[in-house]
2 protein chains.
Amino acid sequence: MERMNSVTIIAKKRDGEELSEREIRYFIENYTAGNIPDYQAAAWCMAVFLKGMSREETIALTMAMAESGEMINLSEVLDFAVDKHSSGGVGDKTTLVVLPLVAANGVPVAKMSGRGLAYTGGTLDKMESIRGFSSDIPPERFKTLVAENGIVLAGQTNDLAPADGLLYALRDVTGTVSSKPLIASSIMSKKIAGGANGIVLDVKAGSGAFMRTADDARDLAKIMVGIGEGVGRKVTAIISDMNQPLGRAVGNAVEVREAIHTMRGEGPPDFREHCIVLAGHMLRLAGAANKADLSDIRPSLEAQLDDGTALEVFTRMVKAQGGDVAQVEDLGKLPQAPLIRDVISERSGYLRQVDAKRIGLCALDLGAGRAKKGEPVDHAVGVVAHVKVGEKVEAGEPLFTVHARTEDDYTHAHNQLLGALEWSDRPGLPLFYGVLSTEA
Amino acid sequence: MERMNSVTIIAKKRDGEELSEREIRYFIENYTAGNIPDYQAAAWCMAVFLKGMSREETIALTMAMAESGEMINLSEVLDFAVDKHSSGGVGDKTTLVVLPLVAANGVPVAKMSGRGLAYTGGTLDKMESIRGFSSDIPPERFKTLVAENGIVLAGQTNDLAPADGLLYALRDVTGTVSSKPLIASSIMSKKIAGGANGIVLDVKAGSGAFMRTADDARDLAKIMVGIGEGVGRKVTAIISDMNQPLGRAVGNAVEVREAIHTMRGEGPPDFREHCIVLAGHMLRLAGAANKADLSDIRPSLEAQLDDGTALEVFTRMVKAQGGDVAQVEDLGKLPQAPLIRDVISERSGYLRQVDAKRIGLCALDLGAGRAKKGEPVDHAVGVVAHVKVGEKVEAGEPLFTVHARTEDDYTHAHNQLLGALEWSDRPGLPLFYGVLSTEA
């Protein structure tokens with residue numbers, strides 16, 4: 001009976017028919033329970049990949065996965081839980097700045113983040129550059145922290161949307177990762193299980209992102225906003241560029257340094273702008289900013305970065321989660337690589353490309369990331385890019401600074417980084433490609 | 001590395017690209033060796049199902065599966081090995097008549113057959129209605145028998161195209177059975193591994209067949225003839241009707257009885273004609289009949305059925321393989337069901353439909369078939385249809401004779417059989433839908 005049903009469901013999707021909410025729930029629940037074997041789920045994923053899913057199917061899949069484990073309820077401690085999610089990028093340390101910035105405006109943030117994989121970094125790995133910082137926070141402590149401090153950053157528990165964890169691992173080894181309905185439901189299931197009432201999605205487009213083009217990213221964003229509408233969560237999706245790294249630093253400690261610089265009113269302009277826009281949208285969703293016009297809140301956000309208010313909240317979070325505040329106050333105390341050396345430009349010209357993926361892979365090879373789940377990362381190593389697409393470079397100027405463990409690592413990185421560049425004789429790339437929202 | 005490759009191969013097929021011979025061989029060899037897990041093979045099968053395969057890919061898959069185990073070489077004992085294969089049907093006892101008929105014309109036949117599954121019967125199950133008949137014949141004995149007797153009918157060894165066995169079992173539970181390139185390569189891989197130089201394929205079309213329409217069957221036939229051309233085997237494919245049972249008997253002993261009747265010059269005209277056409281094509285491929293015109297050999301084939309020559313060869317085969325010849329000579333000695341009773345027509349009219357699949361399912365429920373691999377079958381039970389599509393029936397005439405174990409079984413069969421009929425007021429269905437051949 002069980003086998004009959006799962007094969008029928010696979011065949012129905014294979015033939016391009018729409019699955020009912022009941023069929024999707026049956027399939028996900030039985031897969032999670034181990035009654036449906038991996039090979040059937042793999043065939044189903046490939047059928048979904050090639051035949052797609054309707055809005056209703058995607059919503060059903062999202063909720064089936066969200067409800068496959070613990071559903072966190074933050075309503076005891078928060079009137080409105082606002083969350084953000086980035087689809088994964090290179091140099092994306094946005095959470096480190098946006099969380100304090102939002103909390104500084106009186107909107108408490110209780111966020112769960114993940115770890116890096118392959119060429120994309122993870123917020124937890126970055127934060128753990130700070131000695132003692134712990135993201136391993138039990139549910140009750142999580143609620144206490146947000147109630148007391150207005151800010152908490154925890155690791156995702158395995159109990160959150162376990163169906164998504166299982167299905168993602170299977171998709172990873174069956175060529176079925178880059179399916180928009182599967183990506184959308186994977187992201188949204190975790191956010192919904194995490195208890196978010198409002199979600200700002202940062203959907204990356206470009207060489208360093210899952211979605212290579214802005215059109216693909218917009219399609220993915222539309223699906224996720226549609227899920228939000230379907231399940232009664234406020235969702236704003238921002239499509240942002242990931243053809244070059246966000247900001248300048250790619251690694252762990254180097255990114256923490258850049259985030260702290262940004263909260264000291266310094267930091268790269270593109271990254272600062274990115275953080276202001278994301279924080280503004282989060283505050284809008286939470287009802288703390290004018291719905292109609294982000295420009296109303298911009299001056300106060302800029303001030304909170306410049307006058308140390310955001311950094312004060314960040315420091316409070318680090319302290320509450322066991323981190324060494326001295327490393328935040330004196331960035332020289334953060335982990336340092338044994339070898340820090342520039343890559344010098346041998347030519348002059350404008351940069352037409354600073355390939356995000358290649359720079360991410362370079363940081364991975366230096367040891368900043370992990371090729372497989374569970375591997376340790378080196379917090380000290382990484383890359384800082386001194387150049388952005390469209391900028392003018394003169395021969396003899398530094399293009400990158402490499403933070404490496406050995407001479408050999410530096411040499412390897414040097415060649416990789418030069419290979420990430422393409423030259424031209426004029427400017428740029430947009431920072432954002434658009435905004436979609438349930439709050440139109 | 002291995003994992004990388006298999007995922008890359010899955011993704012390539014998923015994206016509709018053509019796989020190289022090397023990639024297909026890598027995938028099949030590693031799947032057979034257990035290095036590629038079922039879930040990856042399942043995703044791959046679904047991608048093949050939905051994206052199809054080119055002629056070159058299908059040939060590569062066929063040969064990779066054929067060469068995954070033992071390759072039988074009959075050239076020591078046969079100048080030219082001619083084989084036949086039916087795509088599976090209801091009441092298809094053709095092999096029982098065609099093998100002796102071909103052998104009677106001086107062309108030795110060394111055939112491997114399978115067992116029945118679900119509503120389709122299997123040659124071995126039918127032959128085992130004869131007490132003592134054994135199809136479990138080791139390779140050396142197989143060769144001796146054909147050399148000495150000119151005829152042998154054995155069970156397929158598990159060593160023959162083991163990759164196909166594994167892949168078929170996986171397709172069965174992942175909704176990926178009814179893919180033409182996968183069906184074509186499955187059939188052809190076993191025939192090629194079995195050592196056939198010439199193959200006559202009987203591709204069924206209709207309610208009782210994998211292929212529901214003659215167009216689908218023709219497409220499948222074209223692919224298999226293409227494989228034959230590609231690998232240098234002579235192949236003739238006949239597209240034949242399976243909307244109603246072939247002949248009248250459906251079961252095991254009842255089919256043996258009908259086959260022997262046919263070799264006594266009796267038997268249903270449609271089945272007799274089917275056997276003559278198939279035997280003619282096999283003799284053509286073996287060079288023992290005129291290539292241009294089957295009608296040259298028809299009179300002698302008819303004579304060999306009418307004068308007992310074919311039956312003599314059949315009897316010789318039964319004896320050589322340990323069967324009780326007394327049961328061939330006296331059909332009353334074949335297994336008999338405890339209850340043999342007619343289903344009487346309550347109305348008059350022409351028959352518009354005598355649904356092959358429903359009659360096959362009725363025989364299965366009576367105990368003549370197996371729902372799952374490995375289950376035993378009852379040789380005595382079955383159904384004999386007295387009516388064919390297009391025939392006139394008067395109220396009070398017998399429609400079927402049911403051979404059952406119990407009253408309850410009879411009642412169940414009675415209702416199933418009446419449900420298999422649709423009535424009208426005029427004639428028929430074609431016997432064949434066409435012929436395709438490498439020998440045009």
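User: Why is strand E5 of chain A called largely enclosed by the rest of the structure?

Analyst: This is a predicted model, so take the values as computed from it. Buried means under 20% relative accessible area. Seven of the eight residues of strand E5 (residues 234-241) of chain A are buried, so the strand counts as largely enclosed by the rest of the structure.

User: What makes E4(A) and E5(A) a pair?

Analyst: The cut-off is at least two bridges between two strands. Eight bridges join strand E4 (residues 198-205) of chain A to E5(A), and the two run parallel. That meets the cut-off, so they pair. One spot to look at: A:Ala205 sits opposite A:Asp241 in E5(A).

User: Which helix goes with these two strands in a β-α-β unit, and of what hand is the unit?

Analyst: Helix H10 (residues 214-231) of chain A does, and the unit of E4(A), H10 and E5(A) is right-handed. Right-handed here means that, with the strands pointing away from you, the path from the first strand over the helix to the second runs clockwise.

User: Over in chain B, what makes E6 and E7 edge strands?

Analyst: The open sheet there has four strands in the order E6-E9-E11-E7, paired antiparallel. Strand E6 (249-251) and strand E7 (339-344) of chain B each pair on one side only, which is what makes them the edges.

User: How do you know that E6(B) pairs with E9(B)?

Analyst: Three bridges join E6(B) to strand E9 (residues 382-385) of chain B, running antiparallel. At least two are needed, so this is a pair. Among the partners, B:Gly251 is bridged to B:Gly382 in E9(B).

Technical notes
Residues are numbered from 1 along each chain as its sequence is written. Chains are lettered from A and ligands numbered from 1 in the order in which they are written. This is a predicted model: local features need pLDDT of at least 70, side-chain atom pairs count only at pLDDT 80 or more; totals for chains, interfaces and linings use all residues. Side-chain values use heavy atoms; hydrogens and water are left out. Buried means under 20% relative accessible area, exposed over 50%, partly exposed in between (1.4 Å probe, protein chains only).
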